[in-house]
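Thanks for coming. I have one structure to show today, and I will talk through it in a plain order. Please look at the picture first.

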There are 2 protein chains.
Amino acid sequence: MPARIAKPNARSKLLDAALSMIRAKGYCATTVDELCAAAGVTKGAFFHHFRNKDELGVAAAGHWSEMTGALFAAAPYHNHADPLDRVLGYVAFRKALLHGGVPDFTCLVGTMVQETYETAPAIRDACDRSISTHARTLEADIGAAMRDRDMSADWTPETLALHIQAVLQGAFILAKAKGGAQVAADSLDHLSRYLTLLFGAGGATPNP
Amino acid sequence: MPARIAKPNARSKLLDAALSMIRAKGYCATTVDELCAAAGVTKGAFFHHFRNKDELGVAAAGHWSEMTGALFAAAPYHNHADPLDRVLGYVAFRKALLHGGVPDFTCLVGTMVQETYETAPAIRDACDRSISTHARTLEADIGAAMRDRDMSADWTPETLALHIQAVLQGAFILAKAKGGAQVAADSLDHLSRYLTLLFGAGGATPNP
DNA sequence: GATCACATACCGACCAGTTGGTATTGTTGA
DNA sequence: TCAACAATACCAACTGGTCGGTATGTGATC
């Protein structure tokens with residue numbers, strides 16, 4: 001299949017509008033009518049592209065994964081030679097993204113899964129896929145950093161990658177509660193400190 | 001004021017029902033009708049005790065703070081002599097609470113604030129108060145642990161206490177996405193490891 | 001001329017909130 | 001002690017508006 005070029009058709013307009021609206025108001029409070037109005041399309045167009053609202057939720061999670069996947073794939077932290085620096089660079093990159101309004105830097109799928117994990121399994125699965133796939137992009141670097149240091153640990157690259165995601169998601173919640181990014185940035189600083197201690201305090205320095 | 005004995009009146013029945021229902025389905029998807037049915041009261045009773053649905057949200061956050069406040073105040077981790085052990089004991093206590101279904105161990109206010117932070121400032125403030133007040137119960141022990149070790153840090157007890165809350169909230173999100181508590185427990189293990197490294201790797205042992 | 005990509009108009013269900021009432025509890029003063 | 005009154009607690013039925021979803025129409029494109 002050739003990559004579908006993103007014409008500004010009704011579907012992609014709806015998905016783009018969904019990303020910001022759901023992040024701001026949540027999934028349930030985002031009504032189909034409002035979404036259509038924001039996207040500048042009619043309700044008929046909505047139900048032409050999505051069988052129901054839940055299907056939009058699933059598609060929005062997929063769209064989110066595509067957008068963020070491209071963003072992180074192109075980010076400069078991959079250029080570090082030391083894999084630990086790449087992991088730390090990832091966290092620094094996430095911290096650098098913490099600007100603008102709270103709805104602008106928070107995570108769509110983290111927001112959506114809270115509302116739907118019990119009531120809409122398809123959306124929950126889509127959110128899980130988004131988070132887990134993204135976390136998996138960190139595992140190779142974490143594993144390499146462990147091997148560089150001959151670390152034997154009672155944790156795995158997978159659990160650390162997911163822990164990093166947990167800190168990010170939790171930082172977003174606190175940012176929403178406090179109405180600003182500062183508390184999230186502070187939390188990411190603690191996360192960086194953890195990673196530094198974890199890989200540095202083992203005693204061994206990275207192999208040359 | 002004497003402590004108001006919790007007679008099973010309509011108000012407290014509604015609040016109790018709200019805690020579990022909002023945790024399971026979210027704030028928006030929890031309808032007043034359903035809530036009344038679950039609480040076994042009529043809609044008239046609801047609007048007698050709460051001017052509108054948002055006022056219930058605020059009251060639910062307050063009710064949540066009271067319930068959890070009592071739970072943590074009575075928890076055994078306060079008995080440790082070393083303040084660091086009390087902080088680690090807190091995390092272990094949180095980990096021990098991770099059983100039963102996902103809606104049973106997740107946090108009401110963390111769920112609610114995601115949906116309401118932009119649309120219902122009163123609820124957002126109530127959720128912030130709940131989280132921040134709870135975090136503050138850790139600050140004294142964190143500060144004491146720092147003093148014991150003559151630590152000079154570029155972070156404060158407040159940011160670490162909030163970071164602990166962020167990890168918890170994020171762990172809940174991952175648990176919802178994955179449909180189980182294991183991922184949350186793993187994240188709390190990383191948090192414990194961070195605290196141990198942070199206070200242990202400074203070099204100094206606690207003062208006798 | 002058939003399909004696609006939308007638009008218009010509409011529907012029944014359900015939503016938060018209201019109304020107008022009754023039962024229960026508390027207060028007060030003779 | 002208790003009648004008279006007042007406030008509280010609760011109930012059943014209803015309402016206007018909004019919700020997700022549908023039925024049908026229409027112009028462009030293959």
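Predicted model: local features only at pLDDT ≥ 70, side-chain atom pairs only at ≥ 80, totals over all residues.

In V32(A), a backbone N or O atom is 2.9 Å from a phosphate oxygen of DNA strand D. K53(A) also uses a backbone N or O atom, and that atom is 2.8 Å from a phosphate oxygen of DNA strand D. With K43(A), an N or O atom of the side chain lies 2.7 Å from a base nitrogen of DNA strand D. Now the answer to the question: helix 3 of chain A together with helix 3 of chain B are the elements that give two or more residues to this surface.

What kinds of residue make up the surface near DNA strand D? Five are nonpolar, eight are polar and two are charged. On the DNA side, take the atoms of DNA strand D within 4 Å of the protein: 54% belong to sugar or phosphate, and the rest belong to bases.

Next, DNA strand C. It has 15 residues around it, and those that come nearest are T42(A), H49(A), V32(B), K43(B) and K53(B). In T42(A), a polar side-chain atom is 2.8 Å from a phosphate oxygen of DNA strand C. K53(B) has a backbone N or O atom 2.9 Å from a phosphate oxygen of DNA strand C. What does the side chain of K43(B) reach on DNA strand C? A polar atom of that side chain lies 2.6 Å from a base nitrogen.

For the surface near DNA strand C, helix 3 of chain A and helix 3 of chain B, residues 43-49 in each chain, each supply at least two residues. Here the largest share, four residues, comes from helix 3 of chain A. By class, this surface has five nonpolar, eight polar and two charged residues. Of the atoms of DNA strand C within 4 Å of the protein, 57% are in sugar or phosphate, and the rest are in bases.

There is also a database record to mention. In an unreviewed entry, UniProt lists residues 31-50 of chain A as "DNA-binding region". In the model, residues 31-50 of chain A are 75% helix and 0% strand.

Now chain A as a whole. It has 10 helices and zero strands. Along the principal axes, its C-alpha atoms fill a box of roughly 65 × 45 × 30 Å.

Last, one pair of helices. Two packed helices are described by the angle between their axes and the distance between the axes. In chain A, the axes of helix 8, residues 121-148, and helix 9, residues 157-178, come within 7 Å and cross at roughly 125°. That angle makes helix 8 of chain A oblique to helix 9 of chain A. The crossing of helix 8 and helix 9 of chain A is right-handed.

That is the end of the talk.

Methods
Residues numbered from 1 in each chain as written. Chains lettered and ligands numbered in written order. Heavy atoms only, no water. Near = heavy atom within 4 Å. Polar contact = N/O pair within 3.5 Å; in protein donor to acceptor, adjacent residues only side chain to side chain. Nonpolar A, V, L, I, M, F, W, Y, C, P; charged D, E, K, R; others polar. UniProt positions renumbered as here; feature names shortened; annotations may be inferred. Axes fitted to C-alpha atoms, helices over the stretch in contact; angles between N-to-C directions. Parallel < 35°, antiparallel > 145°, perpendicular 65-115°, else oblique. Left-handed = near helix turned anticlockwise from the far one by under 90°.
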